[in-house]
Amino acid sequence: MTTDERRQVRLRANERCEYCQMRQQDEAWSRFHVEHIIPRKHKGGDDLGNLGLCCQHCNLHKGSNLSGFDPSTGLMTRLFHPREDVWGEHFSVVGLEILGCTAIGRTTVEVLDMNSVKRMSFRQALREAGDLK
Ligand SMILES: [Zn+2]
């Protein structure tokens with residue numbers, strides 16, 4: 001992966017985590033990762049179609065997972081794919097919470113632990129500072 005490709009991924013994502021939508025500028029101490037949406041261990045390539053921008057929290061929870069169990073149905077479901085899926089079709093934001101609107105959304109929220117106490121507290125702090133967009 002070249003420096004230029006990393007730059008392209010950051011620009012395409014508008015410097016936001018493509019999973020939880022956190023802005024890089026709000027986590028300036030932790031450079032967001034350019035990640036393999038389909039991990040290398042599952043034969044995911046280095047092409048731009050398989051790269052996404054991911055905050056540290058989401059990337060550490062995603063790891064090499066491709067799927068999880070939908071908390072509503074218990075059915076195994078694939079995770080959100082930033083290149084193939086539209087964020088607004090799978091997630092919504094209510095208050096400080098990111099809600100999954102579909103099986104893919106619910107499963108991704110669950111596996112990436114998007115509404116952990118720590119993440120909710122962080123969003124609360126950003127909101128109080130007037131910075132949560
Ligand atoms: Zn994230």
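Colleague: Which atoms coordinate the zinc ion?
Modeller: Keep in mind that this is a predicted model. The zinc ion is held by four SG atoms, those of C17, C20, C55 and C58. They sit at 2.3 to 2.4 Å.

Colleague: What geometry does the site of the zinc ion have?
Modeller: Tetrahedral. The angles among the four donor atoms are 103 to 114°. For comparison, the ideal angle for four tetrahedral donors is 109.5 degrees.

Colleague: And what spacing do the donors follow along the chain?
Modeller: The spacing is C-x2-C-x34-C-x2-C.

Colleague: Is C17 buried or exposed?
Modeller: C17 is buried, because its relative accessibility is 0% and the cut-off for buried is under 20%. C20 is buried too, with a relative accessible area of 10%.

Colleague: How accessible is C101?
Modeller: C101 is partly exposed, at 42% relative accessible area.

Colleague: Let's zoom out. How many helices and strands does the protein chain have?
Modeller: Five helices and six strands. Starting from the N terminus, the order is α-β-β-α-β-β-α-β-β-α-α.

Colleague: How compact is the protein chain?
Modeller: As compact as a globular protein of that length, because its radius of gyration is 14 Å and the globule rule gives 14 Å for 133 residues. The C-alpha trace spans about 40 × 35 × 20 Å along its principal axes.

Colleague: What share of the residues count as buried?
Modeller: 43% of the 133 residues.

Colleague: And how much of the contact list comes from residues 24 or more positions apart?
Modeller: Such pairs make up 54% of the contacts with a separation of 6 or more.

Colleague: OK, helix 4. Which of its residues are buried?
Modeller: I104, G105, T107, T108, V109 and V111. Those residues pack against several elements, including helix 2 (56-62), strand 3 (67-69) and strand 4 (76-78). Helix 3 (87-90), strand 5 (91-94) and strand 6 (97-100) are also among their partners.

Colleague: Pick one residue there. Where is T107?
Modeller: T107 is in helix 4, which covers residues 103-111. T107 counts as buried because its relative accessibility is 0%.

Colleague: What does T107 touch, leaving aside its neighbours within four places in sequence?
Modeller: T107 is in contact with S67, G68, F69, D70, P71, T77, R78 and L79. One of these has a polar atom to note: the backbone nitrogen of D70 lies 3.4 Å from a polar atom of the T107 side chain.

Colleague: What happens just after helix 4?
Modeller: D113 takes a positive phi there, of about 50°.

Colleague: Last one, the other end. Where is E5?
Modeller: E5 is in helix 1, residues 3-12. E5 is partly exposed, with a relative accessible area of 22%.

Colleague: How far apart are E5 and K118?
Modeller: In sequence, 113 residues. In space, E5 and K118 are 31 Å apart, C-alpha to C-alpha.

Methods
Residues are numbered from 1 along each chain as its sequence is written. This is a predicted model: local features need pLDDT of at least 70, side-chain atom pairs count only at pLDDT 80 or more; totals for chains, interfaces and linings use all residues. Side-chain values use heavy atoms; hydrogens and water are left out. Donors are N, O and S atoms within 2.8 Å of the metal (3.2 Å for Na, K and Ca); water is not among the atoms, so sites may look incomplete. Four donors count as tetrahedral if all angles lie between 85 and 135 degrees; four count as square planar and six as octahedral if opposite donors are over 155 degrees apart and all others between 65 and 115; anything else is irregular. Buried means under 20% relative accessible area, exposed over 50%, partly exposed in between (1.4 Å probe, protein chains only). Helices (H or I, at least four residues) and strands (E, at least two) are DSSP runs, numbered from the N terminus. A polar contact is a pair of N or O atoms within 3.5 Å; within protein, one must be able to donate a hydrogen and the other to accept it, and residues adjacent in sequence count only if both atoms are side-chain atoms. Contact means heavy atoms within 4.5 Å. The radius of gyration is taken over C-alpha atoms; the globule rule is 2.2 Å times the number of residues to the power 0.38.
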